[in-house]
Amino acid sequence: MNAPDNELRLQNLLAAHLDALIFDEDADALRLGASGESHELLLLATQLHSALKPVEPSAEFMTRLRAEFVEETPGTLMLRWRTLPPRYQLAAKVGGFTLTAGLTVLAVRRALNVMSGVRARQQSEPDAALSTVS
Amino acid sequence: MMSNNHYAELDDSALVVQARDDSGAFGELYERYVKKIYSYIYYRTGNAHDAEDLTARVFHRALVHIETYTERGIPFSAWLYRIAHNLVANWHRDRTRRKVIPLDEFVAAGLRTEAPDVMAESQEEYERLIEAVHRLPEERQQLLLLKFVDKLSNAEVGAIMDRSEGAIKSLYHRTLLALRDDLTARQAEPARRASVQRRQGRGIG
């Protein structure tokens, strides 16, 4: 086999190994079957795969930037909620719960006051009738 | 505006057409590519602050020019990467002009904090490797990042770099050879220096 054929074979091997690495297939089988320069380059590719990991932007940045492009609607608000970090979601849940509980207590107290007022009025009406009779 | 589920069913070409008068469609394109574009820019700039700034500029530019974008063999994703590539190239030019201290070690610092479970020795190896990647010519760095970080196929990388799949394979082979030679030369450098010093010492004595 001549030099260009060997080079082409090596290029195909390297490409197949790289695809196996990035698509989580069995890349080791290809590397362990190789020797000499091929093995050296496949080992280097494996090290690159371990060193060059994807990096994610912060959720806050992604949400802020998205808001610059997309009009706010209830649907997109839900999307923003899902991209919030867990601690913000927890804080929002606690805040929401406290506010709801506070409003509920106020509403219940008001209702009880109204009911007791009605009851007092109902009790005073027969008394008033008695006093008229006498 | 349509529901998010509906957007998710559309391919990029359909979303691009819709995005011309529907911000929700552009939002879907943004969701699909923001992480990949950010990752690519992060490794090219070496710090999160500039990566955020340039990522924002990529999408702003895409939104402004989406009216005039026509596919003509270049998929939308490749178009976005080309915008990112041009902005990063301008950023490097400006930085050279302003003589800012290189920030490349920020990437290594970032890796240190992002992968605490990795052994210190391996960490040093990774840092040496990333430094060597940054010494490569621009197009070779671009190829490695598109493949390893963004996990794109050779066809996708070819569309971004305007080359055939065969040319991408060949470039990858040459890039690995150059990287190996650079690392070998750097490893041999301290031993060579020590040998020169020994010889000079004997000459003086």
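Q: What makes helix 8 and helix 9 of chain B a pair in contact?
A: In helix 8 of chain B, B:Glu139, B:Gln142, B:Leu143, B:Leu146 and B:Lys147 meet B:Val157, B:Ile160 and B:Met161 of helix 9 of chain B. Contact requires C-beta atoms, placed from the backbone, to lie within 7 Å. By class, these residues divide into 5 nonpolar, 1 polar and 2 charged; Ala, Val, Leu, Ile, Met, Phe, Trp, Tyr, Cys and Pro count as nonpolar, Asp, Glu, Lys and Arg as charged, and the others, Gly among them, as polar. The model is predicted: local features need pLDDT of at least 70 and side-chain atom pairs pLDDT 80 or more, while totals for chains, interfaces and linings use all residues. Residues are numbered from 1 along each chain as its sequence is written, and chains are lettered from A and ligands numbered from 1 in the order written.

Q: How do the axes of helix 8 and helix 9 of chain B cross?
A: The two axes come within 10 Å and cross at roughly 145 degrees, with angles running from 0 to 180 degrees between N-to-C directions of lines fitted to C-alpha atoms, for helices over the stretch in contact. The crossing is right-handed; this term applies if the near helix is turned clockwise from the far one by less than a right angle, and left-handed if anticlockwise.

Q: Why are helix 2 and helix 3 of chain B called oblique to each other?
A: Their axes cross at roughly 140 degrees and come within 7 Å. Angles under 35 degrees count as roughly parallel, over 145 as roughly antiparallel, 65 to 115 as roughly perpendicular and the rest as oblique. Helix 2 of chain B and helix 3 of chain B are therefore oblique. Helix 2 of chain B passes helix 3 of chain B in a left-handed crossing.

Q: How do you know that the length of helix 4 of chain B agrees with its residue count?
A: The expected span is 1.5 Å times one less than the number of residues. For the 18 residues of helix 4 of chain B (48–65) this should be 26 Å, and the end C-alpha atoms are 26 Å apart, which agrees.

Q: Which residues of helix 4 of chain B are buried?
A: They are B:Ala51, B:Glu52, B:Leu54, B:Thr55, B:Val58, B:Phe59 and B:Ala62. A buried residue has 20 or more other C-beta atoms within 10 Å of its own, an exposed one 12 or fewer, and a partly exposed one a number in between. Buried residues make up 31% of the 205 residues in chain B.

Notes
Helices (H or I, at least four residues) and strands (E, at least two) are DSSP runs, numbered from the N terminus. Two residues are in contact if their C-beta atoms, placed from the backbone, lie within 7 Å.
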